[in-house]
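Please keep the sequence and the model in view while reading.

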Amino acid sequence: MEELIDLKYKNFKEILISIFVGFSIGLSVIVPGISGSTVAIIMKVYDKMMYAFSNLFKKFKLCFMFLLPIGIGVVVGFGIGFVLVKLLLELIPFITICFFVGLMVGTYPILLKEIKGEKATLNRKALFIVGSIIPIAITLVSMVSTGTDRGLTNLGVGNYVLFVVIGILISLTQIIPGLSATVLLMMFGYYTAILNGIGSELLTDYKLLLVYVALVVGFVIGILLFSKVINMLLEKQRKPFFFAICGLSIGSMAAVFLGSECIEIYKSWDTKGMVIDLIIGVLALALGFTATFLLYLYDRKRELKEEK
């Protein structure tokens with residue numbers, strides 16, 4: 001497979017595409033519903049990106065130069081997403097979450113396209129079902145074990161170990177299409193706390209800083225460990241892999257509304273607020289779906305053009 005992967009940029013357009021993919025990944029770290037890996041699939045960069053991650057030390061210069069524009073996009077996307085999402089969640093939390101779930105629903109046909117026409121064997125059905133159950137199970141277990149109060153104070157060693165694990169899982173959301181880092185954090189109930197923790201106090205409170213250090217350490221470990229596995233699966237078990245991904249994506253959409261972030265919103269509702277939130281939330285979900293479904297239509301149009 002190695003000789004089939006060409007990581008050298010042929011023109012400036014390809015560099016811009018990689019920056020856009022990185023921008024989408026950066027947004028997806030903050031914005032629930034956006035999958036940078038799904039955008040990478042649409043832009044035909046996903047296989048190259050997985051190859052570059054898995055061979056970073058083996059072919060450092062080649063892989064680093066390919067990943068550099070993606071990295072630049074990640075930084076820009078993360079910065080814009082942080083400011084935008086923090087504001088929206090303060091003003092209209094449930095409506096914002098509905099919009100982000102709509103984004104996930106809109107990208108789902110892109111994942112389904114990978115298994116279209118494939119025989120749904122017993123093993124593949126099992127992968128889909130297990131994938132669907134995992135996000136919901138994580139959400140329910142997290143709620144039972146830690147309740148709904150997920151602050152970043154009074155943390156013990158076990159909490160920091162958990163943040164390393166969460167960092168590893170976040171890395172998986174960046175290399176597995178259809179998954180969202182922020183949806184994962186919502187499932188564990190730490191999304192709002194981690195978002196609000198990024199501020200001036202971060203540099204003066206070493207215990208708070210350790211939370212983000214643990215997340216970064218876990219993220220790096222996850223990328224280095226799992227990129228090779230994903231690269232191998234893409235090469236040898238691509239279709240079963242995408243059956244599992246489709247299941248994970250479905251489960252993630254449902255898990256958002258079961259997570260503690262939404263539970264706290266439900267508790268704050270009165271009758272009038274609930275009705276208004278539900279009506280506007282449905283509209284926001286439809287808007288999010290439309291926004292990312294246009295990406296799917298773009299992908300289909302381009303494929304039909306290439307076939308002709």
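The sections below go from the overall fold to single contacts.

## Basis of the model

This is a predicted model: local features need pLDDT of at least 70, side-chain atom pairs count only at pLDDT 80 or more, and totals for chains, interfaces and linings use all residues. Residues are numbered from 1 along each chain as its sequence is written, and side-chain values use heavy atoms, with hydrogens and water left out.

## Overall fold

The protein has 13 helices and 0 strands. Helices (H or I, at least four residues) and strands (E, at least two) are DSSP runs, numbered from the N terminus. Read from that end, the elements run α-α-α-α-α-α-α-α-α-α-α-α-α.

The protein has 308 residues, and 47% of them count as buried. Buried means under 20% relative accessible area, exposed means over 50%, and partly exposed is in between (1.4 Å probe, protein chains only).

## Helix α11

Helix α11 covers residues 238-256, 19 residues in total. From first C-alpha to last, α11 reaches 27 Å, close to the 27 Å expected at 1.5 Å a residue. The expected span is 1.5 Å times one less than the number of residues in the helix. Helix α11 is mostly covered, with 15 of its 19 residues buried.

## The largest pocket

The largest pocket has a volume of about 950 Å³. Its lining counts 31 residues, and V29, V74, Q174, V216 and F219 lie nearest its centre. Seen by element, α1 (12-30), α3 (46-54), α4, α7 (157-175), α8 (181-188), α9 (191-197) and α10 (206-236) each supply at least two lining residues. Helix α4 gives the most, with 8 residues.

A pocket is found on a 1 Å grid over the protein atoms alone, with a 1.4 Å probe: it is an open set of points with protein on both sides within 12 Å along at least five of seven lines, and lining residues have an atom within 4 Å of a point. Grid points are joined across faces, edges and corners, and the volume is the space filled by probe spheres set on the points. Rolling a probe the size of a water molecule over the atoms shows where empty space is left.

## A nonpolar patch

Which residues make the nonpolar surface patch? They are F60, F64, M65, L68, I72, V76 and I80, and the patch is about 620 Å². Patches are made of residues with over 30% relative accessible area and no salt bridge; nonpolar side chains (Val, Leu, Ile, Met, Phe, Trp, Tyr) are joined within 5 Å, like charges within 9 Å. Areas come from the Shrake-Rupley method with a 1.4 Å probe; for residues, only the protein chains shown count as cover.

One member, L68, sits in helix α4 (residues 60-91). L68 is partly exposed, at 37% relative accessibility.

## Salt bridges

The structure holds 2 salt bridges. The term covers a side-chain nitrogen of Lys or Arg within 4 Å of a carboxyl oxygen of Asp or Glu. D47 pairs with R238, the closest N and O atoms being 3.2 Å apart. This pair links distant parts of the chain: D47 is in helix α3 and R238 in helix α11, 191 residues apart. D47 is partly exposed at 26%, and R238 is partly exposed at 23%.

E118 and R124 also meet in a salt bridge (3.4 Å, N to O).

## Contacts across the sequence

For L297 and P109, 188 residues apart along the chain, the separation is 9.5 Å. Y296 is buried at 18%; L297 is partly exposed at 40%.

I30 belongs to helix α1 and is buried, at 4% relative accessibility. I30 and K86 are 56 residues apart in sequence and 9.0 Å apart in space, C-alpha to C-alpha. L155 lies in the loop between α6 (122-146) and α7. L155 is buried, with a relative accessible area of 17%. The C-alpha atoms of L155 and L208, 53 residues apart along the chain, are separated by 9.0 Å.
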